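Dear colleague,

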Amino acid sequence: MAALILYRPAEHEPLTAEPWDEERVRAAIAAVVAEAESALLDDGLWPANERDVDEGDVPPFTVVYLGAAGVAWALAELGSHLDVGPLVERALERYRERPDLGEAIPSTLVGESGLLRVLERFAPDPVRRERLRECVAANVRNESLELLWGAPGTMLAVESLDGFDDLWLDSADALWEAWDDAVWTQQIDGRSDRLLGAAHGFVGNVRALAGRPDLLGAERLAELERRTVAVLADEALHDRGLVNWPPSEGERRPDKIRLQWCHGAPGVIASTATLAPANDDLTALLVAGGELTWAAGPLRKGPGICHGTAGNGYGFLKLWRRTGDDRWLERARAFAMHAIGQLEGRRFSLWTGDTGAAVYLRSCLEGDARFPTIDYW
């Protein structure tokens with residue numbers, strides 16, 4: 001019987017043999033920060049890399065995923081000397097004048113609530129806080145049912161904010177009501193999908209619901225864990241002790257398979273590794289996904305956290321925290337050394353560029369398994 005295709009080797013490359021070197025990692029972080037500080041434009045934004053610009057886009061960008069809000073958040077995390085509050089205030093003004101996607105939307109990663117959430121951390125203001133409430137409320141029943149546009153993303157934005165429990169719970173209730181089958185159905189750009197991945201699908205929604213067990217309640221939490229394990233077991237693609245998950249429910253086409261945070265095992269691991277910690281079946285599935293990620297090697301696409309080497313490396317950090325096995329930290333650090341060699345320069349975005357990769361390097365230094373913005377703001 002032919003082996004099942006779990007990933008596409010052409011999308012990966014051999015891992016560097018360079019050993020873990022804290023001094024080199026710190027130097028790489030400092031270089032990314034310095035370059036971003038020096039590249040800041042007069043309007044308070046950063047130039048867009050051509051690889052991040054699609055037809056019809058009007059850069060430079062402002063939002064968390066590709067734009068100034070995400071870069072500013074990362075630079076503050078990395079110890080930049082820049083005062084990020086005024087920068088994100090200007091980015092918010094620009095967004096309201098000319099939204100990145102052509103129309104204003106309330107979402108977190110690609111919309112207004114993400115800019116407001118970054119400002120809530122670095123330059124809190126009661127008027128903007130009330131506007132954040134309006135954005136979250138407006139997004140409760142967004143039919144996309146995923147992280148970038150939908151309520152799961154705005155749930156994550158307010159997960160740790162005092163005074164937003166009512167809106168988090170409204171969003172959770174709506175998401176739960178829409179969960180009428182094994183996985184959710186997304187409506188994105190006029191297309192109906194049943195996706196599994198972290199960015200646009202099932203496990204991203206699971207992560208959002210699992211973020212406030214005190215609000216979700218014991219009964220729903222138990223049901224969330226049961227249903228999640230069942231879906232991941234049913235949809236897992238197995239071959240010789242390794243596991244991946246397809247981009248969408250029931251998908252088996254080799255040309256569709258991915259092995260990255262947004263679609264595939266690394267995102268499944270990053271989204272569910274804290275769920276049902278005593279469930280050995282879930283642990284075994286996630287470990288098998290981690291073994292595939294390690295065997296495949298770093299992604300050729302670059303160092304980013306969405307579909308790059310750093311995003312895959314966060315899966316290792318999550319497994320280290322779940323299992324206590326130090327080999328996962330060692331593997332995360334090996335991917336970090338490889339990511340240093342992939343830094344492109346002049347790619348200023350949190351999710352696709354060098355700034356997000358630099359946050360991953362810091363995570364490997366500090367043993368911090370939290371995924372940027374998903375797990376903390």
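Below are some notes on its aromatic side chains.

This is a predicted model, in which local features need pLDDT of at least 70 and side-chain atom pairs count only at pLDDT 80 or more, while totals for chains, interfaces and linings use all residues. Residues are numbered from 1 along each chain as its sequence is written, and side-chain values use heavy atoms, with hydrogens and water left out.

The structure holds 15 aromatic pairs, where rings of Phe, Tyr and Trp (its six-membered ring) pair if their centres lie within 6.5 Å, and planes under 30 degrees apart count as stacked, over 60 as edge-to-face and the rest as tilted. Tyr 65 and Trp 351 are stacked, because their ring centres are 5.8 Å apart and their planes stand at 20°. This pair links distant parts of the chain, with Tyr 65 in the loop between α1 (22-39) and α2 (68-77) and Trp 351 in the loop between α14 (326-342) and α15 (354-366); helices here are DSSP runs (H or I, at least four residues), numbered from the N terminus. Both Tyr 65 and Trp 351 are buried, meaning under 20% relative accessible area with a 1.4 Å probe, protein chains only.

Phe 316 and Phe 335 make an edge-to-face pair, at 4.9 Å centre to centre and with 80° between the planes. Phe 316 belongs to helix α13 (residues 309-323) and Phe 335 to helix α14, 19 residues apart, and both of these Phe residues are buried.

Finally, Tyr 65 and Trp 351 also belong to one aromatic cluster that includes Trp 261, Tyr 314, Tyr 360 and Phe 371.

Best wishes

Note on methods. Helix = DSSP H or I, 4+ residues; strand = E, 2+ residues; numbered from the N terminus. Buried < 20%, exposed > 50% of the residue type's maximum accessible area, 1.4 Å probe, protein only.
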